[in-house]
Amino acid sequence: MTVAKENAAMAALDFVETGMTLGLGSGSTAEIFLERLGERIAGGLKVQGIPTSKRTAEVAIENGVPLIEPDKVEGIDLTIDGADEVDPQFSLIKGGGACLLREKIIAHASERMIVIVDQGKMVEMLGAFPLPIEVDPFGMALTAEHIHAALIESGCQDAQTVLRQMKDGSGPLITDGGNYILDSKCKKIPKPADTALLLSKIPGVMEHGIFIDLADVIIIGETDHAKVMELARD
Ligand code: 5RP
């Protein structure tokens with residue numbers, strides 16, 4: 001899978017031009033992109049990047065990618081990020097790395113978003129990957145009840161929700177923004193736009209991992225090449 005991610009990351013570099021401000025996504029595929037981007041910068045490419053997580057900021061610095069605060073730029077030309085699932089309409093599930101809030105802020109502010117994935121992320125319908133939902137810790141049990149109701153009302157097949165824990169068992173995972181992540185095992189999300197709308201109305205939900213109308217290009221890395229799919233928007 002690393003070769004596939006590598007091929008996707010390399011293909012994304014073709015979209016990067018000198019002078020661009022880039023949104024820098026999070027996750028293992030985005031980190032491979034940062035390594036390759038760093039090599040191009042060492043070769044003379046001039047860009048600046050806005051990281052979507054503390055981890056991405058660290059990796060960018062390690063690879064010599066200049067960073068800038070989001071509030072200091074006039075615009076973002078291009079965001080390159082990974083995803084956990086991609087459907088045929090280019091709707092995504094993101095947040096497997098717990099960075100969905102900042103990833104969505106930056107993707108939404110970008111002229112274009114390129115998503116780099118391997119074939120295993122491509123699905124006919126979103127939902128097999130548990131949907132990450134970032135919530136304020138205050139009143140989380142109440143928020144979770146409303147999330148459950150919203151998922152069922154919007155036609156999700158199931159809606160079991162678990163509080164994401166730290167891998168070392170030290171307690172609940174805390175996002176870069178100081179929130180918790182609830183992972184909802186929907187199995188199928190037949191109407192992602194309806195689900196997204198209902199979730200976004202719940203106080204306490206800081207953001208959810210359904211990304212709709214944000215991705216313009218999907219690059220699917222395979223073992224020997226990468227397939228580039230562009231969505232024509234009106
Ligand atoms: C982080 C994300 C990642 O983009 C997503 O989890 C994919 O990660 P990877 O490239 O490691 O498979 O949404 O919040």
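Predicted model: local features only at pLDDT ≥ 70, side-chain atom pairs only at ≥ 80, totals over all residues.
Figure 1. The protein chain exposes about 11200 Å², of which carbon and sulfur atoms supply 53%. Of its 234 residues, 51% count as buried. The secondary structure of the chain consists of six helices and 13 strands. Its radius of gyration is 17 Å, close to the 17 Å given by the globule rule for 234 residues, so the chain is as compact as a globular protein of that length. Taken along the principal axes, the box filled by the C-alpha atoms is roughly 50 × 35 × 35 Å. Among contacts with a separation of 6 or more, 75% are accounted for by residues 24 or more positions apart.

**Figure 2. The open antiparallel sheet S4-S5-S11.** Three strands make up this open sheet, in the order S4-S5-S11, and their pairing is antiparallel. Strand S4 (85-86) and strand S11 (210-211) are the edge strands, each of which pairs on one side only. Two bridges connect strand S5 (residues 92-93) with S11 in the antiparallel sense. Ile-93 has Ile-210 of S11 as its bridge partner.

**Figure 3. Phe-90 in the loop between S4 and S5.** The loop between S4 and S5 contains Phe-90. Although Phe-90 is not a glycine, its phi is positive, at about 70°. The relative accessible area of Phe-90 is 6%, and because buried means under 20%, this residue counts as buried.

**Figure 4. Lys-187 in the loop between S9 and H6.** Lys-187 is placed in the loop that lies between strand S9 (180-185) and helix H6 (192-200). This residue, which is other than glycine, has a positive phi near 70°. With a relative accessible area of 48%, Lys-187 is partly exposed.

**Figure 5. Thr-29 and its contacts.** Helix H2 (residues 28-42) includes Thr-29. The relative accessible area of Thr-29 is 4%, and the residue is buried. When neighbours within four places in sequence are left aside, the residues in contact with Thr-29 are Lys-5, Ala-9 and Ile-116.

**Figure 6. Leu-34 and its surroundings.** Leu-34 is also found in helix H2. Its relative accessibility is 1%, and Leu-34 therefore counts as buried. Not counting residues up to four places away in sequence, Leu-34 touches Leu-24, Thr-56, Val-59, Ala-60, Asn-63 and Val-65. Lys-54 lies 20 residues from Leu-34 along the chain, and the C-alpha atoms of the two residues are separated by 14 Å.

Figure 7. With a relative accessible area of 52%, Glu-69 is exposed, since exposed means over 50%. Glu-69 and Cys-186 are 117 residues apart in sequence, and their C-alpha atoms are 35 Å apart in space.

Definitions and conventions. Residues numbered from 1 in each chain as written. Heavy atoms only, no water. Helix = DSSP H or I, 4+ residues; strand = E, 2+ residues; numbered from the N terminus. Rg over C-alpha atoms; globule rule 2.2 N^0.38 Å. Buried < 20%, exposed > 50% of the residue type's maximum accessible area, 1.4 Å probe, protein only. Contact = heavy atoms within 4.5 Å. Areas by Shrake-Rupley, 256 points an atom, 1.4 Å probe, with all protein chains shown as cover. Pairing = 2+ DSSP bridges.
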